[in-house]
Amino acid sequence: MSTATETKQAIKGGEFLIRDTAANEIFIPEEFNEEQRMIQQQCKDFLAKEVWPRLDEIDSMKNPQLMPSILDKAGELGLLGTSVPAELGGFGMDFNTTMLVAEVIGAGHSVAVALSAHTGIGTLPILYYGNDAQKQKYIPKLATGEWKAAYCLTEPDSGSDANSGKTKAVLSPDGKHYIINGQKMWITNGGFADVYVVFAKIDNDKNLSAFIVEKSFGGITMNEEEKKMGIKGSSTRQIFFNDCKVPVENMLSERENGFKIAVNILNIGRIKLGIAALGGSKQTATQATRYANERKQFGVSISSFGAIKYKLAEMAVKIFASESAHYRASQNIDDAYHAFIAGGMDSSKARLKALEEFAIECAILKVHGSEVLDYVTDEGVQVYGGMGFSAEGPMDRAYRDARINRIFEGTNEINRLLTIDMLLKRAMKGTIDLMSPAMAVQKELLAIPDFGASEEEGIFVKEKKALANLKKAGLMIAGAAVQKFMMKLSDEQEIIMNLADILIEAYVAESVLLRVEKLIQQKGEKAVEIQKELALVYLHHAINKAAAAGREAISSFAEGDEQRLMLMGLKRFTKIDAYNLKEARRKIANYIIEKGEYPF
């Protein structure tokens, strides 16, 4: 007899495009247990006490010890050891719980960046790739914050092409040390880190190797703090390695495995960045709601105006939908991890394998979460009006700090390209069967639509059909593009970006529909009326955006009868019944205005 857990574990990364998912297969944030809610509140209390009252002081960078001292306090609360096993001094939380921590701390501006760099890209390479001696030496001190960590990958001439780095490592004549020489830039926590994960090429190797480098090893100098548009309170330095002697036992993993380490750690960084951006989005939406309620014009609160209600509702729609997708994916990652463990895999390898399995979803969510934050902060400025442009108001910092998220952890352009590249590679390997569904869609294009089909009964029947058709639109265009360009499709980045947008919208729209369907099953439709409106508004947005992306893609490569057939197919596959979106948004906005904050 199949259990829900077994069903979840059968889900493969990227498979959502060709597989129907049932509501009971996904995790929703409403299902967090009491212990997780306590951890969530502890994180909120930390921000309220240690971070938000000191944001100006943090951003001024006048006290170089301030950020390390805040991380020390986070360490005392256990916030630096959430992913670390208990035997190494941490709390061994499941992935979903660490996502919840990342979400809440995401509203901490520069502190969120410093904390996530330490716990994520600074600590996890050692935790997942280190040998026992390395883990025993470094992880307990990183988990408490006694030692701070930084990650040294990017170089002046290697941005998105990380493997092109020029930093060199040469074995010393006595064979006891690697001598590292090179320059790294944009290193978060660089100014105060005790331990660096450094990527360099040994001799003339094709691929990077990774090393654990302590500041105390010597041969390390750095420039002054970078002057940045936003996240001004996070330490960002250029770091120079000048004959830095690193013991040979401090190589991380195997020679030339550094690029693989970097790629796999970025999978974690991407989904964590997406959920942290949502934490920032919720805080900004709450601030905008409160200001709209307080600000009077023409004798009434501006929250009573339809144009402001539109903005508040749209913020909520995007946040709620993106949150649904993030926790759906993080639970899939947890389920895959437990399945690998049950199969006898080592814990660290199982965690990396689970994240690698859902690398497509991680890339999707990094893009979506960061772009939702950009939208929310931009509209937050607009709700505040003139005060939104003032450095005295909260939107100034929120707006500037948001912008880096579309560049961090691989630009959104790179991540869009990756989603399609990874999907097609899995199809070529036979991991995911895209060919059969794509061929079925081609046949459907030539068939006469059956308008007399009887309607099924259930929740969101029409909406699920519209969603299934949206996926068919993506398969239709992807199939035709692959046939047209074959191996040269990678040169057609504009078309790939269009396809990625369809893929992203299909995943997020399905996630929010499934979340609300599950809520209806648990609580009844009347109890989640507003959440249902959130899902329906998002679905209409998703289909409209996908239709526009689809038209652009088709017009880019198809001609004549093929173009006409595909455009007709796109019109059929992106059809959705009219819905009064204005009234839906007003219901959402009125609910939010009454609550006085982002309430979901």
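A polar contact is a pair of N or O atoms within 3.5 Å; within protein, one atom must be able to donate a hydrogen and the other to accept it, and residues adjacent in sequence count only if both atoms are side-chain atoms. The model is predicted: local features need pLDDT of at least 70, side-chain atom pairs count only at pLDDT 80 or more, and totals for chains, interfaces and linings use all residues. Residues are numbered from 1 along each chain as its sequence is written, and side-chain values use heavy atoms, with hydrogens and water left out.

**View 1. Helix H11 and its N-terminal cap.** Asp346 caps the N-terminal end of H11, with a side-chain oxygen 3.1 Å from the backbone nitrogen of Ser348. Helices are DSSP runs (H or I, at least four residues), numbered from the N terminus. H11 spans residues 347-357, and Ser348, Ala350, Arg351, Leu352, Ala354 and Leu355 are its buried residues. Buried means under 20% relative accessible area, exposed over 50%, and partly exposed in between (1.4 Å probe, protein chains only). The cover over these buried residues includes helices H5 (95-105), H7 (124-129), H8 (132-144), H9 (258-294), H10 (306-342) and H12 (359-384), where contact means heavy atoms within 4.5 Å.

**View 2. Salt bridge between Glu30 and Arg515.** The side chains of Glu30 and Arg515 meet in a salt bridge at 2.8 Å, N to O; the term requires a side-chain nitrogen of Lys or Arg within 4 Å of a carboxyl oxygen of Asp or Glu. Glu30 lies in the loop between helix H1 (4-9) and helix H2 (34-51) and Arg515 in helix H17, so the pair ties together parts 485 residues apart in sequence. Glu30 is partly exposed, at 27% relative accessibility, whereas Arg515 is buried at 1%.

**View 3. Salt bridge between Glu510 and Arg328.** The closest N and O atoms of Glu510 and Arg328 are 2.8 Å apart in this salt bridge. The pair links helix H17, which holds Glu510, to helix H10, which holds Arg328, across 182 residues. Both Glu510 and Arg328 are buried.

**View 4. Salt bridge between Glu517 and Lys464.** Here the closest N and O atoms of Glu517 and Lys464 are 2.7 Å apart. Because Glu517 lies in helix H17 and Lys464 in helix H16, the pair ties together parts 53 residues apart in sequence. Glu517 is buried, with a relative accessible area of 8%, and Lys464 is partly exposed at 31%.

How values were computed. Helices (H or I, at least four residues) and strands (E, at least two) are DSSP runs, numbered from the N terminus.
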